[in-house]
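These are my notebook entries from an afternoon of looking things up in one structure. Come along and check each entry against the picture.

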Amino acid sequence: MSDRTLSAIDFKTCLFELPKVELHNHLEGGAMYPDLALKLAKRNNMELPFSDEATAASYYQFESLDQFIDILRTTVSTLNTAEDYADAVERHGIEARRQNIRYHETFVTYGLVASRGVPWEAVVEGLSEGQRRNREAHGVETAFIVDLDRTLPEEIALEHVRLAANARKTVDIVGMGLDCQERGWPAGRLKSCFELASSEGFRLTAHAGEDGGAESVWDALNNCHVERIDHGVQAIEDEALLTHLAEKQILLTVCPVSNLLLCVFPSLEAHSLPALVNAGIPVCLNSDDPPMFNSDLVNEAEVVYETFDFSQQEIVTMLRNAIEHSFQDETGKAALLSEFDQVRDKYFG
Ligand code: ADE
Ligand code: ZN
């Protein structure tokens with residue numbers, strides 16, 4: 001790659017044009033665009049704490065991960081039927097197409113809706129229909145990762161793994177993950193779920209080191225044997241962990257704007273991203289729950305470029321890392337990498 005620097009407008013064009021992959025975007029929070037949330041609420045005869053874009057923006061204000069998850073548990077009550085799920089998945093597909101994201105792995109946390117009695121069969125039907133719409137109408141491949149809510153009792157979490165394993169006849173579920181409140185809910189508590197998921201052939205990842213410390217990342221690695229870490233930004237506390245992540249080339253799916261808005265760091269400038277990259281750890285950029293953080297993948301890339309001292313080529317490498325470390329099959333990955341490199345070389349060759 002040359003060390004050429006594009007103008008801001010050309011770089012933006014390049015960011016859009018690159019065929020991209022996003023690995024860390026939640027179906028539930030990531031579909032809560034005010035218009036869609038209001039449509040779903042109306043369909044389900046329920047009221048939301050906001051009535052339009054402006055009031056949603058003032059509702060989507062957060063002071064911590066725990067408080068964010070509480071808000072998420074409210075808005076997610078708009079998801080009840082297969083049609084609701086299909087519309088949510090399709091909205092992800094539409095937003096992906098707009099940014100030329102060709103393949104994305106979307107987290108589905110059944111724990112967020114199971115306690116309300118939403119049947120798993122309805123969720124699966126909706127995921128499958130949404131996946132079909134994205135492929136056929138939007139040219140986007142959607143794969144799912146079923147995330148276990150960290151706060152679930154082990155027996156229920158085990159049942160969610162079994163449900164996910166059975167659903168693979170109908171829908172493309174490539175992995176098992178872990179999310180929701182982190183502090184006070186060690187990953188190792190659900191070790192048996194990850195053992196079962198691994199024996200079922202799922203690829204493994206976990207949210208860790210978001211607001212929990214470096215020991216939470218070790219916990220996910222040592223007890224759940226995950227291949228990737230979602231967030232992982234607190235790894236910075238522990239030199240030995242940084243070395244381990246770099247040696248094993250464990251990808252961190254970093255979500256800078258989410259981390260800022262959930263007060264994980266006091267400012268973007270204080271974010272650990274540059275230190276993680278300097279330690280040799282592969283990272284990719286992600287939008288987490290884009291409508292709730294008023295972001296998207298291209299915005300994350302621009303914000304990171306504007307805030308830190310990274311070259312444009314380094315930002316492009318972060319986008320490429322997502323393709324390399326995805327849970328897609330090798331053929332799909334190779335095709336996307338080759339197309340990505342052609343566009344990259346057009347700008348930076
Ligand atoms: N669910 C949705 N977004 C999340 C996040 N940032 N951390 C943990 N669980 C989540
Ligand atoms: Zn997340």
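Before I start, I need one term: a helix here is a DSSP run of H or I with at least four residues, and helices are numbered from the N terminus. I also remind myself that this model is predicted.

**Entry 1: Ser 338**
I looked up Ser 338 and found it in helix α18, which covers residues 330-348.

I found Asn 45 in the loop between α3 (34-43) and α4 (53-59). Its phi is positive, about 55°, although Asn 45 is not a glycine. Asn 45 counts as exposed because its relative accessibility is 75%.

I noted a positive phi for His 225 too, near 55°, again in a residue other than glycine. His 225 sits in the loop between α11 (214-224) and β6 (228-231). With 51% relative accessibility, His 225 counts as exposed; the cut-off for that word is over 50%.

**Entry 2: the zinc ion**
Which protein atoms hold the donor places around the zinc ion (ligand 2)? I listed NE2 of His 24, NE2 of His 26, NE2 of His 207 and OD of Asp 288. These donors lie 2.0 to 2.2 Å from the zinc ion. Along the sequence, the donor residues follow the spacing H-x1-H-x180-H-x80-D. I marked one pair from this set: His 26 is in strand β1 (residues 20-26) and His 207 is in strand β5 (residues 203-208). The two are 181 residues apart, so this pair links distant parts of the chain. Both His 26 and His 207 are buried.

I also looked at the angles.

Arg 73 is in helix α5 (residues 65-75). Its relative accessibility is 29%, which means Arg 73 counts as partly exposed. Leaving out neighbours within four places in sequence, I found Arg 73 in contact with Gly 111, Leu 112, Asp 149, Thr 151, Cys 180 and Gln 181. For Leu 112, 39 residues away along the chain, the C-alpha separation from Arg 73 is 6.3 Å.

Glu 154 is in helix α9 (residues 154-167). I noted Glu 154 as partly exposed, since its relative accessibility is 34%. Not counting residues up to four places away in sequence, Glu 154 touches Arg 189, Leu 190, Ser 192 and Cys 193.

**Entry 3: two helices together**
How do α16 and α17 pack? Helix α16 (residues 297-307) and helix α17 (residues 312-324) make an angle of about 145°, and their axes are 10 Å apart. The crossing of α16 past α17 is right-handed. From α16, I noted Leu 297, Ala 301, Val 304 and Tyr 305; they meet Gln 312, Ile 315 and Leu 319 of α17. Sorted by type, the residues of this contact are six nonpolar, one polar and no charged.

Notes: Residues numbered from 1 in each chain as written. Chains lettered and ligands numbered in written order. Predicted model: local features only at pLDDT ≥ 70, side-chain atom pairs only at ≥ 80, totals over all residues. Heavy atoms only, no water. Axes fitted to C-alpha atoms, helices over the stretch in contact; angles between N-to-C directions. Left-handed = near helix turned anticlockwise from the far one by under 90°. Contact = heavy atoms within 4.5 Å. Nonpolar A, V, L, I, M, F, W, Y, C, P; charged D, E, K, R; others polar. Donors = N, O, S within 2.8 Å, 3.2 Å for Na, K, Ca; no water. Buried < 20%, exposed > 50% of the residue type's maximum accessible area, 1.4 Å probe, protein only.
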